[in-house]
Each structure stands twice: as structure tokens, then as C-alpha cells.
Amino acid sequence: MPRPVCLVSGSSSGIGAAIVAEFAAQGCDIALHYNSGRERAEAIADQLRRQHGVEVRTIDADLSQTEAPFALVDRTFAHFGRLDVAISNSGVSNLLRDEQGKVVRYRFHETPIDHLDRELERVLSLNLVGAYRLAQRSLKHMLDQAQAELKAGGTPPHRSILFISSISDLAPDSTRIPYGVSKAGLNHVVLGAAFEGGPYNITVNALRPGVVDTPITTRPSGITNEETGEQYTVAEIYDLMALGGSQPIQRIGRPEEIAAAAYAFTHLPYMTGQLIAVDGGFTLVSGFPNRDLFFQEGLRRRRAGRA
Ligand SMILES: NC(=O)c1ccc[n+]([C@@H]2O[C@H](COP(=O)([O-])OP(=O)(O)OC[C@H]3O[C@@H](n4cnc5c(N)ncnc54)[C@H](OP(=O)(O)O)[C@@H]3O)[C@@H](O)[C@H]2O)c1
């Protein structure tokens, strides 16, 4: 029995790197994709080969380019001769810098149109269109394999497509709408594709992480730590919020925790079309357990208003 083959886009960093480590540890051959991080990707690949004895093929592609997602899937299939799990993980957050290199964030109604156009193009071309195309071509290869197996009198094994979406698909932030739009769009792809894969034992789901400690969240938040004079990173801000009770599990997530969920969600043949949060409870409606905080803030504002 050949080893299952797993393709993970954006596996040169953060969550993607943890996912390929999890799948290699479980005995899968890996198509390890990178964009700018060639050295990081090669180092991860070497380590996985040494540790787990699986085959790891590194493949580069800028998935915001129209044909690149198709080429990535085709190259994976041409090399391994099969594809069992495809995980669309590559993504960028909603973030543009000005000429001084400072992060510029606008609220929805204030965003200048040229900024909005550039930001929509940058975020949607990778997070939505690139991911859409990667999944579309993966499903095509998986359907072809299943049909050939049926024709030969066999039963297709369970195969799976998973999007690493985000709780930002629903969690509102008026300075980050293009990112949320890209992830909300992916969720609809899941719903449609699930119907096509189901009859052939192919499941399609989205994993929606909460805040996870990766290079995406180690950038400056714009909020200064008064004790050090340095800016908190985004990860530090959300970790402090979690500690303060914003979510039931009072810390941000680790890439390995998302990777373990990704492995589980791609190995459940009876689960498809699902959009599942792995977020420490971030998206629970958490106002009521924190009522004391809100009560104190309400009092503070009322007093300030009266002063
Ligand atoms: N971290 C979080 O809190 C969090 C929360 C919810 C959802 N997510 C989602 O999780 C996914 C992974 O994020 P991460 O936190 O692990 O971030 P990360 O460490 O910055 O990794 C991003 C990955 O995307 C790849 N990438 C960037 N631009 C690309 C392009 N043009 N074409 C192809 N690949 C490209 C990068 O490749 P190179 O490094 O090789 O360029 C890298 O491997 C993203 O989809 C993100 O939206 C993250």
C-alpha cells in the first residue's frame, strides 16, 4: 500500500510548517510548498525526511498568480502519481505599509480608494482566488483517481480537501475587512465542493483558527507597552486579552494545535461541508461571563461623561 500523499500550501512557515510535520509524523509523503521561503522550506524538508523517513518534495509557487495553483497541484500529482489530502493554507493578512514602512490601517468608511483597491487585490488574489483554484484542481485529480479506482473494481479510499480559513470570516474588525471577506468567501467554496466530492469519498471542510502564535501575528500591533516603550505584537495583545477573559481558554493557540486538528479533520470520512473553529472559544458570545468588565467600563464612561 503506497503512503498517502499530502499537499500543503504555505508550509514554509507557521501553521503550514506544523501541518507538514504532523502529516509526516503520521507517515504521509509530503508536497511542501513555499513562496519566498526557499531556505526555510528546504530545512523543514530535510528534517522531516531524517525524522520520519517519508518522501518530501519542495515546490515553489506564487499562488496569487493565475496559473500557479493549477501548476502546483499538477506538479504534485506528476511527481507522486497520487493526491490524498490537499490543504490550502497559504495566506496573507490585511496589512499595507506607507513609504516610511509604517503599517497603515483604515477603518471601512475612511479607506482611500487606491489603498482599498491594492489591498483587495493583494489579499483576495492569494487568500480567495488562489485557494479556490488550488482546491478546484485538487478535487479534479481526486475525482479522476476515484473514478479510475471504481472502474478497476475497487473502492476509492477516503480523500480530503481542507481550507485553513479563519474566525475572521465572521469576527468583525472594521480595519480588516478584505481579510475577512477572503475567508468568508472560502467558506462558500467548501459548501459547494462538498457535494461534488461526497459521492467519491472525498470530504471538503474548513478549519477556522483563532489567534495563533506565528510570524503573521508577531508583527507590531500599534499599541505601546508603557513599561518597555516597545509596541506589543499582535500575538501579545490577544494573549493578554485571553488572560483577561476574552475567551474561555486563556491563551492564544499554538501551530501544533491547529496541525493536530487539520490531521483529524482530514481523516473523518463522514464529516464534510463543515466550517469548524479551533479558537480556544474566541467566537463564543463572551459578553455575559465578562459582565463585570463591561459594567466597570460602563460606569467609567458614565462618570467621564458627567465630569
Ligand atoms: N496565525 C493566526 O493567528 C491565524 C489565524 C487564523 C487563520 N490563519 C491562517 O492560517 C494560514 C497560515 O498563516 P500563518 O499564521 O501560518 O502565517 P505565516 O507564518 O505568515 O505563513 C504564511 C504562508 O503563506 C505563504 N505565502 C505568502 N504569500 C504567498 C504567495 N503569494 N503565494 C503562495 N504562498 C504564499 C508563505 O510562504 P513563504 O513564507 O515561503 O513566502 C507562508 O508559508 C493563513 O491562511 C492565515 O490566514 C492564521
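## Helices α4 and α5

In this predicted model, helix α4 (residues 113–151) and helix α5 (residues 177–197) have axes that come within 9 Å and cross at roughly 15°. Angles under 35 degrees count as roughly parallel. That makes α4 roughly parallel to α5. The crossing of α4 past α5 is right-handed.

From α4 come E119, L120, V123, L124, N127, L128, A131, Y132, A135, L139 and M142. They meet P178, Y179, S182, K183, G185, L186, V189, A193, E196 and G197 of α5. Sorted by class, this contact of α4 with α5 holds 14 nonpolar, four polar and three charged residues.

## Helices α3 and α4

Helix α4 also meets helix α3 (residues 68–80). The axes of α3 and α4 come within 8 Å and cross at roughly 35°. Here too the handedness can be stated: α3 passes α4 in a right-handed crossing.

On the α3 side, the contact is made by P69, F70, L72, V73, D74 and F77. On the α4 side, G130, R133, L134, R137, S138 and H141 take part. By class, the contact of α3 with α4 has six nonpolar, three polar and three charged residues.

## Helices α1 and α2

The axes of α1 and helix α2 (residues 38–52) come within 10 Å. They cross at roughly 20°. This angle makes α1 roughly parallel to α2. The crossing of α1 past α2 is right-handed.

In α1, the contact residues are A17, V20, A21, A24 and A25. Their partners in α2 are I44, L48 and H52. The contact of α1 with α2 divides into seven nonpolar residues, one polar and no charged.

## Around the ligand

Which residues come nearest to the ligand? They are G10, G14, G37, G91 and T214, out of 28 residues around the ligand. Which helix gives the most to this shell? Helix α1 (residues 14–25) does, with three residues.

By class, the shell around the ligand has eleven nonpolar residues, 16 polar and one charged.

## The chain as a whole

The chain has eight helices and eleven strands. Its radius of gyration is 21 Å, close to the 19 Å that the globule rule gives for 307 residues, so the chain is as compact as a globular protein of that length.

Along the principal axes, the C-alpha atoms of the chain fill a box of roughly 80 × 45 × 40 Å.

Note on methods: Residues numbered from 1 in each chain as written. Predicted model: local features only at pLDDT ≥ 70, side-chain atom pairs only at ≥ 80, totals over all residues. Near = placed C-beta within 6 Å. Helix = DSSP H or I, 4+ residues; strand = E, 2+ residues; numbered from the N terminus. Nonpolar A, V, L, I, M, F, W, Y, C, P; charged D, E, K, R; others polar. Axes fitted to C-alpha atoms, helices over the stretch in contact; angles between N-to-C directions. Parallel < 35°, antiparallel > 145°, perpendicular 65-115°, else oblique. Left-handed = near helix turned anticlockwise from the far one by under 90°. Contact = placed C-beta atoms within 7 Å. Rg over C-alpha atoms; globule rule 2.2 N^0.38 Å.
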